[in-house]
Structure formats: C-alpha cells, structure tokens
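Look at the chain from end to end before reading on. The paragraphs below go from the whole to the parts.

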Amino acid sequence: MKCFSEFRRLVALAALLSLSTGSAVLPVFGQARRQPPVSNQKKNKRPPEGGEQPAEKQDPLPPDIINKAQDAEKIEIKTALVNVDAVVYQKKSKQVVNGLKRENFAVFEDGVKKEITNFSTPEAPITVALVVEFSKLGEQFGYAQTQGMEPGQAEVLRPMALFLSQFIKPPKDYVTVIAYDMRPTPITDFTNDPRRIQETISFMLRQTPAFRETNLFDALKFTMIGGRGDSVAMEEAKTETSEYAGIASVQGRRTAVILVGSGIDTFSKINYGQARKILQNAGVPVYIIGTGNMYFKRYGDQLGATDSLLNDPGRLSFLQAQNALTTFAKETGGAYFPVTFEGEVPQTLRSIDMMLRSQYSLGYRPGEARDGKQHKIVVKVDVDGDGQYDDKEYIVNARQFYNAPKDEPAK
C-alpha cells in the first residue's frame, strides 16, 4: 500500500505539471544511463563555441574550449575584456527592442566612454544554468502555501519543469540543472538532448528534499566559478565528488543563470558580500523566480520579527531574502520576479525567455588599471541613431559593476 500511495503521489504531481504547461510532461521512469567519464575527464564539458551538435549524440569537445576549474577562493576576474550583456526595452510598454547595432550602444566605465570591441546580436545560442532550491525548508513553505493539497517541493518543480519542457530549444540551446540544499548538487551536465531533459524532469519529480538547510550563496558561487562538488546525480559516477568549471568561463555563447528559490540563506560558507562580488565579476545575468512570496504573503502577519527558537524564518529573514534577490538580479543585468500565485509562473517564464533571447553582448577593454577597486558600468542606447541617448524612453538592463584585479606586491 505504501508503494501504491507513493505512485499515486507521483502521478498526481506529474498531472499537475502537465496542466501548468498546457502540454504533457510525463515522468520517464526508465532512464538511460550514460557512461561515466574517466578520472581525468571534466564532468561538465561546455557546449561548442558558436556551433551546434546533434541532439542524439554529444561528441567530446575540442581541448581549447574545455574550461579549467577556477580557484574557488579567488573571486576576482583576470581578463583583458569585460563582457556586458544588455537587454533594451521601452519604459512605458516594456516592449523589448531588437534589431540594434553596435553603433546604437555606448559603454561608460566610471563616466569614461569605452570603445566597444566585441559585439554580438541576440541570434547567438543560449547556455543556461537552472539553479533550484530543493530543501525541507522550501518544502515546508510550499506545503503550507497549498494547504497540503500537493507536495511542497512542487513550488519549485513546477517552474523548473515548465522551463525545461517549453523554453529550452535543442539543438542550439544548452542547459544544466543544479539543485541545492545544504550544498549544491548537479542533476545533469550541460545537455541539448530532449530525452535527457525529460529524464531530468522525471528524476526531480521522484526526489524528496533531504536537508532543511538552504545555502543559496554557496550554490551561486559553485554555479558561477565552479569548484569541487557532488558528482552528477543522474550518472553512476566512480567518485562521490568531482571538479567543475563555472558557467562564467563559457566562451563564445550567451549565458545566463535562472534561479528558482526563496532567497533565504541559512549558513553558507561565504557571506552575502562575497556572493555579491562573485556575481558582479562573472558578467552573467541572473534571472530569478522568487518563491518566498507564496508563503510570506499568506502568513507574514503571523510570523515573528526574527527567526524562532526552532529556526523558522521571521519577517526580517524574508525581507532580507527579497532584498538580496533584487540586488543580485539588478547588478548582473538580469531580472527578479517575485511570484505570489502559481498562475503567475507561466507568464514569468515567458518574460524571462523573451529577455534571454533579446540579449546583446558587448565587450570592451578596461585598460591597464589593476587597482582591485570596483568600477561603475553604465550602458546607454541611441535607438534612432540621432546622436542623442534615449535615456527617457528606453531602459537598458546590464551589469552595473566591474571589479578590477589587483597585482600582488613583489616579494
């Protein structure tokens, strides 16, 4: 009876996701296993630069575009080129502007105009890291929000399944899925295989959160710059942990991070300031679906101001989480969507997809300054080409800071 009850729970959740997407998203219970990589092979090889691969076969990548793992303790970028992804849209209508050229943009660093040396249009392929909060704390929020009508983890599984099934377009687009609680765990490597994507949805539907902790800052650090983490959950790896490279090191493709979570961090190894600096340096826009409002808007007036003795979050924790998510999205050139009702999820994902596919990639050389200081980046646009910047009519979403590397003193 217990197995039958569990089966009915999975079928109900799958049906719920199908109704949300408007199309069938059925669990694939028989999964095909990949051969695990050899010990000296990178677990998360990157998609080819500007190229395509057949969905049914992913050949090993050329050595020149396989990323080396970055030093997890170093959060400075060491490059002669600063990359800036920008989305332009009208202030009033929020309509995204396409068809712009290099001449329509200007990049300023600390008020000084810089020459745009690299430019690519939104037609370039997209590589996305989908980061999902999957903890018992998040499950508690979801269960309370739905009054126990569905499993609590559906709050984050629903947008994950919708995005993977409707907005990733093989063979050009690549996606990796990372779930986090106490620590981040890659669910699947970068893939453009439709079958693999469906297997990922099925795999996540069958899981139950194991830990209450939700270490968001550590997960963002791991996603951006890599490091040592759990081996890919959907593979029969020979070791429990593996070395990974971060999405910030992907070259030749437009990149983005989509985060689905409440924004609450329990006890990450790094703090908010360090996580913020990593995101500022990465040059990768972060689009966020905030799930905390689903619980906070319903029960906020019943919560204490601070965390309880049982470590249940108080009102301040939710407000701090919202502030952190807003800052992460704004400073990286992404967007923050605080979802209050389940019905908002499809439209939110459509908005994210539209912005992802309208990113202009700009690049400029910051100069020889290696002072270790933070520099302000401002992107302006001249849509009609009349020589005047259209700040009053258009908004440019782009990263706001660049932290210059600092030379070590000679010994």
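Predicted model: local features only at pLDDT ≥ 70, side-chain atom pairs only at ≥ 80, totals over all residues.

Residues are numbered from 1 along each chain as its sequence is written, and side-chain values use heavy atoms, with hydrogens and water left out.

The protein chain holds nine helices and 16 strands. Both are DSSP runs numbered from the N terminus, with at least four residues of H or I for a helix and at least two of E for a strand. Of the 411 residues in the protein chain, 54% are buried. Buried means under 20% relative accessible area, exposed means over 50%, and partly exposed lies in between, with a 1.4 Å probe and protein chains only. Contacts can also be sorted by distance along the sequence: among those between residues at least 6 apart, 78% join residues at least 24 apart. A contact here means heavy atoms within 4.5 Å.

Now to the sheets. Strands of a sheet pair through backbone hydrogen bonds, either parallel or antiparallel. Two strands are said to pair if DSSP finds at least two bridges between them.

Along it, V88 stands opposite V396, and Q90 stands opposite Y394. β1 also pairs with strand β13 (residues 360-364), in the antiparallel sense and over five bridges; there, A86 has Y360 as its bridge partner. Seven of the nine residues of β1 are buried, so this strand is largely enclosed by the rest of the structure.

A second open sheet is made of six strands, in the order β7-β6-β5-β10-β11-β12, with mixed pairing. Here the edge strands are β7 (184-191) and β12 (335-338), and each has a single partner strand, so one side of each is left without a neighbour in the sheet. The twist from one strand to the next averages 15°. Within the sheet, β5 (residues 126-133) and β10 (residues 254-261) are parallel and share seven bridges, with L130 opposite I258. Helix α8 (residues 315-332) lies across β10, β11 (286-290) and β12, at about 155° to β11.

Strand β14 (residues 374-381) has two faces. H375, I377, V379 and V381 are on the covered face, and Q374, K376, V378 and K380 are on the uncovered one.

Which helices pack together? Two packed helices are described by the angle between their axes and the distance between the axes. For helix α6 (residues 272-282) and α8, the axes come within 9 Å and cross at roughly 20°. That makes α6 roughly parallel to α8, a term for angles under 35 degrees, whereas those over 145 count as roughly antiparallel, 65 to 115 as roughly perpendicular and the rest as oblique. On the α6 side, the contact is made by Y272, A275, R276, L279 and Q280, and on the α8 side by N323, A324, T327, F328, E331 and T332.

Is N293 buried or exposed? N293 is buried, with a relative accessible area of 7%, and its place is in helix α7 (residues 292-299). Apart from neighbours within four places in sequence, N293 is in contact with Q322, P338, V339 and T340. G385, in the loop between β14 and β15, is exposed, with a relative accessible area of 53%. G385 lies 284 residues from K101 in sequence, and their C-alpha atoms are 9.9 Å apart in space.

Terms used. Axes fitted to C-alpha atoms, helices over the stretch in contact; angles between N-to-C directions.
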